[in-house]
Amino acid sequence: MLRNSIIKAIPLALAGVIAVAAAAEARDQIRIVGSSTVFPFSTTVAETFGKTSGFKTPVVESTGSGGGLKLFCSGVGVQHPDITNASRRIKKSEVELCAKNGVADIVEVKIGFDGIVIGNAKSGATLNLTKQQIFLALAAEVPVDGKIVKNPYNKWSDIDKSLPDQAIEVLGPPPTSGTRDAFVELAMRPGAKSFKMLADMRKADKKGFRKISDSMREDGKFIEAGENDNLIVQKLQANPAALGIFGFSFLDQNSDKIKGANVAGVSPTFENIAGGDYGISRSLYFYVKSAHIGVVPGIQEYVTEFTSEKAIGDEGYLTDKGLIPLPGADREKYRAAAANKTNLTM
Amino acid sequence: MTDATMNSKPGTEIRRPTLTGERLKKRYAAERRFRLYGLGSILTAGLILVFLVGSITGTGYTAFLQTYIKLNISFDPEFLDPAGTGDVAQLASADYGGMVKKNLRDNFPEVTSRRDKRKLYNFVSPNAGFDLRTMVIDDPSLVGQSLDLWIKASDDIDMLTKGYVDRTLEESNRRVSDTELVWYDKLDSNDRIESRFNTDFFVKADSREPEEAGILGAVTGSLLTLVITLLLSFPIGVMAAIYLEEFAPKNKWTDLIEVNINNLAAVPSIVFGLLGLAMFLNFFGFPRSAPLVGGMVLALMTLPTIIIASRSALKAVPPSIREAALGLGASPLQVVTHHVLPLAMPGILTGTIIGMAQALGETAPLLMIGMIAFIVDVPGGFTDPATVLPVQIYLWADSPERAFVERTSAAIMVLLAFLIFMNILAVMLRKKFERRW
Amino acid sequence: MNSFFLILVVIGLSVAGYAVGRARSVFAAAGDVRILHSLPSYYGMFVALGCGLPAILLLAIWLIIQPQIVDHMVMSGLDPSIMPQNADAYSLMLTDIRNLSSGNATSREASPAIVAATERYLALQSIGFWSMVVGVVCIAMLGLAWARSQISRNFRARNAVEKIIRALLIVCSMIAILTTVGIVLSLIFESIRFFARVPFFDFLFGIHWSPQTAIRAEQVGASGSFGAVPLFAGTMLITLIAMLVAGPIGLLSAIYMAEYANPKFRGIAKPMLEVLAGIPTVVYGFFAALTVAPMIRGWGEGVGLDVSSESALAAGLVMGIMIIPFVSSLSDDVINSVPQSLRDGSYGLGATKSETIRHVIIPAALPGIVGAFLLAVSRAIGETMIVVMAAGLASNLTANPFEAVTTVTVQIVTLLVGDQEFDSAKTLAAFALGLVLFFVTLGLNVVALRVVRKYREKYD
């Protein structure tokens, strides 16, 4: 009987904890949410910040850009996150949601680029691709002899004799991913535009053009493989005939196992991406809630650390983690914006 | 037999067993085969388990070692305490990173170019300065001294020591360049490289530097979460099972409950995360990333497993026990608490263990309630931000740094150790209950 | 002092009540407890419950209602000139007042009117809190006194206590219903928004799943079609493969452990199999994607089959391994509980052990075994990581296990953690998928219950 009463006491005690927890308590720890792509950089800064500044190390969650912005925009107050990371720019509808919930002042900081590489196993063929070839290999519909038809190419050599005689098999990000989005914009669209027919179409019927340029094929040649880039790298190793699309930092760390394909004659190296010669990369951002600066301790200092030369500069510690730095002038601009709490303008 | 003969229609042949040795042999052969099938299945499952654990151990055991480099470190007052105040605050905020870099340059006077210096700085962990800081704060008399100290190597050098770097490859394809190899070999030949047991792995929480990363934070988080899960799901699950099995009238209403419970077992775990987000975080206003909320979500998730297993365990208790107890004048509730429940305990524990194992390995529902997070501090209570072991494994598996590969496997080994410990506990409990009755 | 402390006070009073009740009953029986209707501890329990239960109930109700009343009083007391016009502004101002009162960040500079409202808010809150303390403690005392006064030699304390405990048991079994309601509620609003954009029947019966809609506004969505049939087909295919692995292996293992193995072997084998259920799914995912999938591909090529490198087979096989313990451990318990008399009867008729198992024990244990299988199927349907890593995201409507398929759970996770905005059709589709999967499995379970009933009647 006594045991029974103990068991019964537990839910009651929990009910008590509910009541305690319900009251919003002051928070002395920064809370960050958002994109899984910015996560490795954000956590590195958070750790350094925690070790050097005397503030508590921020808690960084990996929720995806969309989920992060949703949380960020849900209101002001310590129960809501202070900063959200995003691998794309905030959208108008999200700014409106923020404003509706009282998050009127948002500081936008662009931290750098994430290079997107196409790679395969070291034992596979070295590829020199043009954007047109990428488009031809991966689009759902392609122009053949002046007509738009369902993609007929099965092998790389069908597209161009100089390419290897092996089946097209590309592991890439799903349509919910910002990497996919950037890849479509920076590789597929220029590739499509290089056909005169499609370029003409773009002037006349933008929507029709985009439908062709943005649609990836769905007949098994392009395989949506989730966002675990390490897994893609290992799958490439297991299958030398396959290519993969993934973030530059994974190429950087696994340079003994995989190699990047040259795109338009440029190899995906740190210098080439930073210099803008290698054209496929995407911008990374974070957004700060101004109303929280001064309430949650350390936000201003964290932002200062993140925007400092020592972190995102040309030789900053984030470059070791694979971040491609912004041009110097842009870094200055965002550093100033962060220091002055300049409001976001769309 | 005679009955059968009389009732059978004329002309129908009676099937009689042919009682020859042939048939008996066949039956015994079938018996042996059947037995072998059973043994074979267990062995298959066992082999797979051994293979899985073996491959994890194969990649993971190296994480328990960490490379250290012996360097001559001079605690230069110029860096630590230029004014000579001896003030602890000054010592705490000094530039230890700069001091480490200067000492590295002093240890390798031949390195002059900027590029090479950068490579040299990459030899030791970026956090080496913080370790020295702790030393100095503990013992301020070190300032001004010069000592030979074992400094933690960076992850690249650690990988080199462990043989994960292929020296035969072209330089551009390696994480460690030729000049670094030369320095490394020089150090190695002077016995200045050593592998030691990696205590940090067990006493530190997460870090972005592989050589600094540990699992204590995740283990603590898992423990706190599981405590909540167990405290909630075990009593509620068992009580629900008792009601449904022993007291509930068999009607539409209890059918509804039964179908519901079975159905909840099939709900994808991430949906429980959505429920937790909507109910515990948004409605009740619990803090994000807290083991308390994680435990409640996992409790809801494991409840069906526990209820279903407990019900079959209760069902298995022979009715004669209940009848005997009732006959002696026990009330229905006393029958259950004093007789049926203890008898059913082994089965209930089986269900609980499977449910807990599932909860221990779960990641997806924690995403929505903010436990997939980078947390450097070891959680101290049920409402502190925390992460759990499988999340740690998931995050490390997703990190680009190569040194996280072995740490991922090592974390899995720790998780499995936990699991085996839980199982042993359950076996002991099962035995205890079996002996008593 | 907060409500947690108040709960401790109530629990303390209940413990005191237990002692009082127990002592009172012994006193009523003049020391001879045999003449009491129930054991003294039941009288103690009765008083403890009489003291604690109403107090805790009052506390819970108070905690839920008080904020509503305080909010309303504060907001209606506002100066009409700054009274917010619409619901959004209303809740925003309320949040600001609350945040200000706890020293939290606010969305605007506090005007004097807001500060005044905040002070009112704090005052009301503390009045509310203290009246709650007084109320709860009074109720607890009154309850204690009343329960104590009830105690007499003939008072049926056990029946009263058992009635309360039985009510508690019912409440526990209702938690499953509440969870279901909670899940439906947390999915339904987003799902309705989704079905406002994508017609319900297109979603339910569409055979093409391709959420290639644009992430950014200036982009044009490519083929954005949300037909859920391939996802459900993929889920079923992978579950079927998994059950083909886990079913035989699990059941045969269970039979061996329960009928053949000596207790020592069983003592080792059973927990060993249970470890399989606890290996994190990420590990299985890596195993499936990097070991099993290339192996199957190699074999397939060896015999001239066209095997996708991300095949349903690889994911299904590995998932089958994971759910073996669900079948084996639970079936083992059930087989163990088949009465020995059935076995003895069968042996007495001359049956061998395996014949007894096949013709007597399995039929007798069938309801429990079906339950174990159902649990395993449930787990397979709900599993995510293995499929994400090994089978990929390609939605093919196929029954060929060598092709890549995707499952509902994989899509839910991918859609939820994506980079797209949260109220885009893509994210909302995750909620709709969750809801539909919920009802599909509900239907399956209703059917399963019917089937189990039928068999159970046959062998009871």
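Trainee: Which residue stands opposite Thr84(A) in S13(A)?

Mentor: Tyr287(A) does. A word on the source: this is a predicted model, where local features need pLDDT of at least 70 and side-chain atom pairs count only at pLDDT 80 or more, while totals for chains, interfaces and linings use all residues. Residues are numbered from 1 along each chain as its sequence is written, and chains are lettered from A and ligands numbered from 1 in the order in which they are written.

Trainee: What makes strand S3 (residues 83–86) of chain A and S13(A) a pair?

Mentor: Strands are DSSP runs of E with at least two residues, helices are runs of H or I with at least four, and both are numbered from the N terminus. Two strands pair if DSSP finds at least two bridges between them. Four bridges join S3(A) to S13(A), running antiparallel, so by that rule they pair. Strand S4 (residues 106–121) of chain A also pairs with S13(A), in the antiparallel sense over nine bridges; there, Val109(A) has Phe286(A) as its bridge partner.

Trainee: Why is S13(A) called mostly covered?

Mentor: A residue is buried if 20 or more other C-beta atoms, placed from the backbone, lie within 10 Å of its own, exposed if 12 or fewer do, and partly exposed in between. In S13(A), residues 281–289, eight of the nine residues are buried. H11(B) is mostly covered too, with 26 of its 32 residues buried.

Trainee: What makes residues of chain B and chain A count as touching, and how many take part?

Mentor: Two residues are in contact if their C-beta atoms, placed from the backbone, lie within 7 Å. The contact takes 30 residues from chain B and 28 residues from chain A. H11 and strand S4 (373–374) of chain B each supply at least two residues of chain B's side.

Trainee: Which strand of chain A is joined to S4(B)?

Mentor: Strand S2 (residues 59–61) of chain A is, through two bridges in an antiparallel run. Val60(A) stands opposite Phe374(B) there.

Trainee: How many residues does the contact between chains B and C take?

Mentor: 77 residues come from chain B and 76 residues from chain C. On chain B's side, helix H2 (residues 21–60) gives the largest share, 17 residues.
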